[in-house]
Amino acid sequence: MSRLRNLDLPRSLIVRRVVAQDNKVEIEVSLRWRGVLCPDCQCPTQRVHSFYQRKLADLPWQGRPATLIVSVPRFFCQTAVCPRRTFVMPLEGITVRHGRQTTRLTDLHYYIAHTLGGSAGARLSVRLCCPVSPDTLIRRLLSRARNTRKDMALPRVVGVDDWAWRRGHHYGTIVVDLEKNDVIDLLPDRDADTLARWMQAHPGIEIIARDRAGAYADGCRRGAPSALQVTDRWHLLKNLSEAFVSILDRFTTRVRTLTRQLNASTVLSEISETVRADPEEAQTVVRSVSRERREILFNEALALKAEGHSIQAIATTIGVERKTVRRWFQRGHAPTWKRTAPTRSILVPYTSHLEKRWSEGRRNSRQLWRELLEQGFTGQYGTVRKWVTARQGISTKPVSSAHVAPPLGRRLACLLLAEDPLSAGQQGLLVPALLKAEPQLAVTLCWLRKMQTLLCKKSDTSTRGDLKALLEEGKTTLLSRLIPALERDAAAIEASLVTPWTTSPVEGQISRLKMIKRTMFGRAGFELLRARVLQPA
């Protein structure tokens, strides 16, 4: 008897015999009954007409597939006026009408299909000794999806966002109950008409959290005109930052110029200090700075080439000849110009005379060259001029590049929006210089910081007035083209400042949706994806 209890069968079944074979287990059972009701007249009866057997696949038992052999009685209806003469006792809680599996085996197949899908679920079912085909698993999942959620309670607060079925080509819409953090439905596109029809079919929605897409705003307005729309503050900050980055592209030339000037002054000061400390190392310092300049220019040229710029555009941007840029790309590196064996300068025998004249205050390089010619010097004027320039602590060639590549795009935006730009080192010195050179950019940056403060802080009673004043102030900035769209969405923005609802739970559900979609390797249709996302595991 203890072995039979381990079968864990429904209480309405009585085990008569268990036949255990090597590859399967057959369990003969009968039903507990004292009297049943006729399905038509609902009159009780106990008069048995006959018995017949039904074979139902059940959960595996001790690693072997199990089959229930149920002896089902057929009864007479004892009511004379009833049109039904005989009927079969229903197997409630055991299987469905015309079913060939027990309900609990069907549930197991459903959970496998919901978690793994068709092919992977079929492979797991073989290991669990309850084999089933992939198509059957998918049918189980789709049939359960069609029959459930019809009596679902109407949501009060929903979140709406788009998800990519194929990024850049085909998008859908996900609707989430923000109070329960549960997916309500998936829509096959992100059109305003589709969303409006869905909301008209689901009345009672009071609050809708969405991003700033115009289609969603229009769909929510038409489908639920009385609902409060709440725009997501993260999406708003993202739109502002993207617009600011696009504005900064206008100042690329100015940024490159200021960066070179700032770093050139830094290099010159370092060279001057080195030369004053040790004049003999002047040429070594100059050569190292020149080599570093070429390396930085080459790296900057590579970055521009990766962005798709032409050789002429690269040469114009970094201030180098077009042929030089082409030669660098052919070699794969900037020239080092290293000398294998340094030659003895022709000026060495006359150094003592030059030092004497220098101490006397003679600084004219051409006059010094003429004096050396009278003493038998055969070199050119340029040799003496280089000595004088090095003696003064000034490089023979102005340094036109920066030690660090100029920050552009998002890097420049992050630098401008930082609380302490000077903490970024040498790049931080660019911020005050750029804002001084471009006053309109400084005005725009000040306005953008005010908007960030308003959107990130806890709101108070003056929120509406602050937002309206900021939008008016924004019309005089470089981001003025963004203001009309913000004014149209002002009510939703104000709601985001005073309510706690956001689309963050929706983003989490989208991550789950992407995981499920990728496990299907892109070969499943929308209905199957919707069934797996909507049904709770």
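Visitor: Which residues does R256 touch, not counting residues up to four places away in sequence?
Guide: Let's start by placing it: in this predicted model, R256 sits in helix 8. The side chain of R256 makes a polar contact of 2.2 Å with the side chain of E300, so E300 belongs on any list of its partners, because a contact means heavy atoms within 4.5 Å. With neighbours up to four places away left out, the residues touched by R256 are E300, L304, T317, P406 and L408.

Visitor: Is R256 buried or exposed?
Guide: The cut-off to remember is that buried means under 20% relative accessible area. R256 has a relative accessibility of 7%. That value is under the cut-off, so R256 counts as buried.

Visitor: What about H98, is that residue buried or exposed?
Guide: You can find H98 in the loop between strand 7 (86–88) and helix 2 (103–116). Its phi is near 65°, a positive value in a residue other than glycine. A residue counts as exposed when its relative accessible area is over 50%. H98 has 67% relative accessibility, so H98 is exposed.

Visitor: Where does N181 lie?
Guide: N181 is not a glycine, yet it has a positive phi of about 55°. At 43% relative accessibility, N181 counts as partly exposed. Its place is the loop between strand 9 (170–177) and strand 10 (182–187).

Visitor: Which residues is F244 in contact with, leaving aside its neighbours within four places in sequence?
Guide: Set aside the neighbours within four places in sequence, and the contacts of F244 are A413, L416, L417, L441, T444, L445, L448 and L479.

Visitor: Why are the buried residues of helix 13 on the same side of it?
Guide: Helix 13 covers residues 365–374, and its buried residues are S365, L368, W369, E371 and L372. What covers them includes helix 12 (351–359) and helix 14 (381–392). They are on the same side of helix 13 because the arc they cover around the axis is only 160°.

Visitor: At the start of helix 13, which backbone nitrogen does a side-chain oxygen of N364 reach?
Guide: Look at both ends of this helix. After helix 13 comes G376, with a positive phi near 100°. At the start, a side-chain oxygen of N364 comes within 3.0 Å of a backbone nitrogen, that of R366.

Visitor: Which element gives the most to the lining of the second largest pocket?
Guide: This pocket holds about 530 Å³ of space. Its lining has 20 residues, and D161, D162, R167, Y171 and E507 lie nearest its centre. Strand 8 (157–166), helix 7 and helix 21 (504–519) are the elements that give two or more residues to the lining. With six residues, the element that gives the most is helix 21.

How values were computed:
Residues are numbered from 1 along each chain as its sequence is written. This is a predicted model: local features need pLDDT of at least 70, side-chain atom pairs count only at pLDDT 80 or more; totals for chains, interfaces and linings use all residues. Side-chain values use heavy atoms; hydrogens and water are left out. Buried means under 20% relative accessible area, exposed over 50%, partly exposed in between (1.4 Å probe, protein chains only). Helices (H or I, at least four residues) and strands (E, at least two) are DSSP runs, numbered from the N terminus. The arc is that of the directions from the helix axis to the C-beta atoms. A polar contact is a pair of N or O atoms within 3.5 Å; within protein, one must be able to donate a hydrogen and the other to accept it, and residues adjacent in sequence count only if both atoms are side-chain atoms. On a 1 Å grid over the protein atoms alone, a cavity is a set of points where a 1.4 Å probe fits but cannot get out, and a pocket is an open set with protein on both sides within 12 Å along at least five of seven lines; lining residues have an atom within 4 Å of a point. Grid points are joined across faces, edges and corners, and a volume is the space filled by probe spheres set on the points.
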